[in-house]
Amino acid sequence: MPIVNKFIEIETDKGINIHNITPQLEAILASTSIQNGQLLVFSRHTTTALAINEYEERLLVDIKAYLQKLAPESDRYLHNDLHLRKNIPPDEPMNAHSHLMAMTLSTSEIIPIVDGKLALGTYQSVLLFELDGPRKRTVFCQLTGE
């Protein structure tokens, strides 16, 4: 059973932004001979996350507002006491809220592959959530199957 490993790189914008990575995933699948199996999509960062949901403009606004209510940037967080932390880089941001938002989502998704296509539902897309941008982000993709 073949295993194919690929990466998607994305330049993100400031703050919370949501990227539909479904077209990139479909292109990766199309570049392989895999017809039936699974695609693992894995976020390699502690302040990004993944989810499968509808990529609709007004829903994206609602999702951002929901995440900001869960972990407001203005709240007090111990992680943001940079002067009390050890071995931090000089450009370390105060981003505890971003870590907390990421924990409420997921770091990975598994999508079935059936007859050479991702078995997503009609309104489903694979979404990458940037929670602490702008940054260059990398998503790991592993396809297995035959």
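**The largest pocket**

Begin with the largest pocket, whose volume is about 210 Å³. The model on display is a predicted one. To outline the pocket, select K14, G15, I16, Q68, E73, H97, S98, M101, L131, D132 and G133, which form its lining. Colouring by element then shows that β2, α3 and β7 each give two or more residues to this lining. By class, the lining comprises three nonpolar, five polar and three charged residues.

**The whole chain**

Next, zoom out and select the protein chain, which holds three helices and eight strands. Read from the N terminus, the elements follow the order β-β-α-β-β-α-α-β-β-β-β. The C-alpha trace spans about 55 × 35 × 20 Å along its principal axes. Of the 146 residues, 39% count as buried. Among contacts between residues at least 6 apart in sequence, 84% join residues at least 24 apart.

**Helix α3**

Return to α3, which spans residues 96–104. Which residues of α3 are buried? They are A96, H97, S98, M101 and A102. Of these, H97, S98 and M101 are also part of the lining of the largest pocket. Display the surroundings of the helix: its buried residues pack against β2 (15–20), β4, α2 and β7 (125–133).

**Helix α1**

Now select residues 22–30, which make up α1; T22, L25, I28 and L29 are buried there. Turn the view to look down the helix axis: the buried residues fall within an arc of 120°, so they line one face of α1.

**T48 in strand β4**

Proceed to T48, located in strand β4 (residues 48–53). Is T48 buried or exposed? Its relative accessible area is 2%, so T48 is buried. Show the side chains of T48 and S43, which are joined by a polar contact of 2.3 Å. Leaving aside residues up to four places away in sequence, T48 touches S43, A102, L128, F129, E130 and R137. One of these, A102, is among the buried residues of α3.

**The loop between α2 and α3**

Select H83, which lies in the loop between α2 (57–70) and α3. With a relative accessibility of 66%, H83 counts as exposed.

N87 is exposed, at 82% relative accessible area.

For the last stops, switch to a view of the backbone torsions. Most residues other than glycine have a negative phi, and most peptide bonds are trans. N87 has a positive phi, near 55°, and is not a glycine. D115 likewise is not a glycine, and its phi is positive at about 55°. To find D115, go to the loop between β5 (108–114) and β6 (117–118). D115 is exposed, with a relative accessible area of 58%.

Finally, select G133 and P134, where the peptide bond is cis, with omega about 5°.

Technical notes: Residues numbered from 1 in each chain as written. Predicted model: local features only at pLDDT ≥ 70, side-chain atom pairs only at ≥ 80, totals over all residues. Heavy atoms only, no water. Buried < 20%, exposed > 50% of the residue type's maximum accessible area, 1.4 Å probe, protein only. Helix = DSSP H or I, 4+ residues; strand = E, 2+ residues; numbered from the N terminus. Arc of directions from axis to C-beta. Polar contact = N/O pair within 3.5 Å; in protein donor to acceptor, adjacent residues only side chain to side chain. Contact = heavy atoms within 4.5 Å. 1 Å grid on protein atoms, 1.4 Å probe; cavity = no way out; pocket = protein on both sides within 12 Å on 5 of 7 lines; lining within 4 Å. Points joined across faces, edges and corners; volume = space filled by probe spheres on them. Nonpolar A, V, L, I, M, F, W, Y, C, P; charged D, E, K, R; others polar.
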